[in-house]
Amino acid sequence: MKELAGKHIVLGLTGGIACYKSAELCRLLIKAGAVVQVVMTSAAEQFITPITMQALSQRPVALSQWDAREANNMAHINLTRQADACLIAPCSADFIAKLAQGRADDLLSLMCLARPIDKVPLLIAPAMNREMWSHPTTRRHLAQVAQDGAVVLGVGCGEQACGESGDGRMLEPQELLDELIALFQPKVLAGQKVLVTAGPTYEAIDPVRGITNLSSGKMGFAIARAAREAGADVTLVAGPVSLASPYGVQRVNVRSASDMLQAVIQRVDDASIFIATAAVADWRAAQASDQKIKKDGSGQTPQLSFVENPDILATVAQSPRGQSRALFCVGFAAESHDLQANAQAKRLRKGVPLLVGNIGPATFGQDDNALLLVDESGAHELARDDKLTLARKLIANIADRIQARG
Ligand code: CTP
């Protein structure tokens with residue numbers, strides 16, 4: 001999916017070892033369909049060459065405000081007039097200080113100051129040694145830059161080029177790409193707190209065996225990402241899946257339905273929207289063995305008996321908070337046939353205003369899906385599409401419902 005098609009991004013590089021990651025970032029931006037104009041400070045040129053960035057961005061790199069090849073000799077103005085966003089990655093402590101003070105003694109800082117502040121958002125991806133990152137001067141400058149309207153992205157924590165370990169690493173290229181994509185999504189859930197369950201659950205039979213199902217978690221993870229892109233504060237309670245967490249989403253890993261219920265109960269009082277996408281196992285072994293069940297050679301099979309798991313969605317939806325206007329609950333239904341009738345019956349049984357139906361075997365593990373939104377007035381289809389596009393449509397639909405009920 002060309003997520004940044006038609007977007008013109010100015011990618012600024014300042015001096016820092018993280019410049020090596022900016023080459024990959026540039027490649028990802030181009031692959032996502034963006035037009036990328038690279039601007040480098042002379043310090044950045046110490047870490048990566050403009051030739052590399054030119055080859056990756058497919059455009060000459062802007063380096064100096066004194067470059068007479070620019071027809072009007074005003075590169076600092078021209079660079080941002082067509083831009084949809086400027087991203088400085090890496091953004092050094094020195095450059096943050098410049099931004100905070102409005103200094104403009106090189107092309108990049110001059111360009112940042114001369115950009116139309118209301119039309120062209122400025123994002124900065126700081127990168128520096130952990131002591132520099134936590135220094136009060138840096139903190140003060142960052143606060144100032146944020147107050148002046150820049151989006152200050154986070155930093156990673158871990159090993160640093162200097163050999164120390166801590167906060168201050170530049171975010172990974174994929175995370176920066178995701179942040180840029182998120183920037184362009186409408187903030188329809190700003191101020192909302194969204195709790196999502198996703199993936200299968202695993203119910204142990206003994207220490208090495210259990211029952212689970214084919215849910216991949218992809219739809220729930222896409223919904224968590226879409227909700228965060230829409231400005232919400234998102235917590236994702238995930239069953240055992242190997243998917244990477246969407247950037248900026250708080251993830252809680254659980255295994256069984258009982259663990260998932262507990263994780264949800266602990267957090268739901270804080271949430272304003274609960275979206276239950278998890279394929280929770282309906283039953284668990286009545287008594288899981290604490291030792292591996294062995295064959296005894298007689299050909300006899302173990303006698304397993306099951307008990308029903310708690311219904312997490314129904315428990316939440318039918319609680320006082322679920323019944324109040326403070327929490328909007330959304331359920332999912334994986335069906336194999338009669339989708340609309342089954343989904344409508346399930347919606348009433350669970351006691352939720354909105355239930356999203358899909359055909360289980362057609363979606364589990366796939367990258368695309370089709371959804372049927374069922375509410376008290378009937379059904380509305382979201383046609384087959386990739387899961388992230390569908391998730392964004394669903395989030396927009398939920399936002400409309402929340403706004404309509406006031
Ligand atoms: N759900 C839940 N806890 C359970 C079972 C289901 O929270 N123990 C939630 C799912 O996350 C989903 C919805 O309820 O949002 C529907 O789940 P599904 O398994 O499709 O429906 P069931 O109620 O189990 O009904 P059936 O298996 O009979 O189709």
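**Pockets and cores: group meeting talk**

Quick housekeeping. This is a predicted model, where local features need pLDDT of at least 70, side-chain atom pairs count only at pLDDT 80 or more, and totals for chains, interfaces and linings use all residues. Numbering runs from 1 along each chain as its sequence is written, and side-chain values use heavy atoms, with hydrogens and water left out.

Back to that pocket. On a 1 Å grid over the protein atoms alone, a pocket is an open set of points where a 1.4 Å probe fits, with protein on both sides within 12 Å along at least five of seven lines, and lining residues have an atom within 4 Å of a point. The largest pocket holds about 820 Å³, the volume being the space filled by probe spheres set on the points, which are joined across faces, edges and corners. It has 38 lining residues, and Ala 278, Ala 279, Val 280, Phe 332 and Ala 334 are closest to its centre. Strand E16 (328–335) is among the elements giving two or more residues, and E16 has the largest share, 4 residues. Helices and strands are DSSP runs, by the way: H or I of at least four residues, E of at least two, numbered from the N terminus.

Next, the second largest pocket, at about 570 Å³. Of its 23 lining residues, Glu 3, Gln 174, Asp 178, Arg 225 and Leu 388 lie nearest the centre. Helices H9 (173–183), H10 and H16 (387–405) each give two or more, with H9 giving the largest share, 5 residues. At least three lining residues come from each of domain 1 (8–183) and domain 2 (193–292 + 300–405), bounds from an automatic or database domain assignment.

Now the cores. A nonpolar core is a set of buried Ala, Val, Leu, Ile, Met, Phe, Trp, Tyr and Cys residues joined through side-chain atoms within 4.5 Å; buried is under 20% relative accessible area, with a 1.4 Å probe and protein chains only. The largest has 36 residues, with Leu 189, Val 194, Ile 223, Ile 275 and Ile 398 making the most contacts inside it. H16 gives the most to this core, 8 residues.

And what does Ile 275 touch, leaving aside neighbours within four places in sequence? Its contacts (heavy atoms within 4.5 Å) include Val 194, Ile 223, Phe 332 and Ile 398.

Key. Buried < 20%, exposed > 50% of the residue type's maximum accessible area, 1.4 Å probe, protein only.
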